[in-house]
Amino acid sequence: MLVDASTLRKSHLLEILQGSGEVAAFDSPTKAGNAIKRGTAVDVAVIEYRVSVTPLIRTLRNKLSKVKIVAFGAPRREVPLGVDLYLTQPILASELNAAVVRLGS
C-alpha cells in the first residue's frame, strides 16, 4: 500500500515499489483507511507522514496486526508512534526497496 498526496512523487514511488509485488496506491489517508476497512490486504504500508495520517496508522494497527509501516517525510528526531521505520526525504529507490524487503520478510 502506498499513501501519498503528491501525484508526481506517488507515481515515482509506485514505480519503485512495483518490483516488490502488487501495490495499491491512494492519494489520501481517508481513502486508504476505507480500503482497509473493506478488507484490502496489506503486508507493508508506505505512507507520507503527516499528523493527518494518525487515524490511518491506528486503523492499520487495529485491523492488520502484522502490517509493517514505513513512513517518510521531513527529518524528525524520533520515529513516529506506530511506525516501524521512518525515511527522510528525498527517498532513494535503493533505500525504499531495502526497507520494504526487510520489513516484508
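1. A word on the basis. This is a predicted model, in which local features need pLDDT of at least 70 and side-chain atom pairs count only at pLDDT 80 or more, while totals for chains, interfaces and linings use all residues. Residues are numbered from 1 along each chain as its sequence is written, and side-chain values use heavy atoms, with hydrogens and water left out.

2. Start with helices α1 and α4. Helix α1 covers residues 7–17 and helix α4 residues 93–104; their axes come within 10 Å and cross at roughly 55°. Here axes are lines fitted to C-alpha atoms, for helices over the stretch in contact, with angles running from 0 to 180 degrees between N-to-C directions. Helices are DSSP runs of H or I with at least four residues, strands are runs of E with at least two, and both are numbered from the N terminus. The two helices are therefore oblique to each other (under 35 degrees counts as roughly parallel, over 145 as roughly antiparallel, 65 to 115 as roughly perpendicular and the rest as oblique).

3. Next, how these two helices meet. L13, I16 and L17 of α1 make the contact with A93, L96, N97 and V100 of α4, where contact means heavy atoms within 4.5 Å. These residues divide into six nonpolar, one polar and no charged; Ala, Val, Leu, Ile, Met, Phe, Trp, Tyr, Cys and Pro count as nonpolar, Asp, Glu, Lys and Arg as charged, and the others, Gly among them, as polar.

4. L13 deserves a look of its own. This residue of helix α1 counts as buried, at 1% relative accessibility (buried is under 20% relative accessible area, exposed over 50%, partly exposed in between, with a 1.4 Å probe and protein chains only). Not counting residues up to four places away in sequence, L13 touches L2, D4, F72 and L96.

5. The axes of α2 (residues 29–37) and α3 (residues 54–63) come within 9 Å and cross at roughly 15°, so α2 and α3 are roughly parallel to each other. The crossing of α2 past α3 is left-handed. On the α2 side, P29, A32, G33, I36 and K37 meet L56, T59, L60 and K63 of α3. By class, this contact has five nonpolar, two polar and two charged residues.

6. D4, in the loop between β1 (2–3) and α1, is buried, with a relative accessible area of 1%. A polar contact of 2.6 Å joins the side chains of D4 and R9 (a pair of N or O atoms within 3.5 Å; within protein, one must be able to donate a hydrogen and the other to accept it, and residues adjacent in sequence count only if both atoms are side-chain atoms). E48 sits in strand β3 (residues 44–48) and is buried at 14% relative accessibility. The side chain of E48 makes a polar contact of 3.1 Å with the side chain of R9.

7. Most peptide bonds are trans. Q89 and P90, however, are joined by a cis peptide bond, with omega about 0°. P90 lies in the loop between β5 (85–88) and α4. I91 is found in the loop between β5 and α4 and counts as buried, at 15% relative accessibility. Leaving aside neighbours within four places in sequence, I91 is in contact with F72 and L96.

Methods. A crossing is left-handed if the near helix is turned anticlockwise from the far one by less than a right angle, and right-handed if clockwise.
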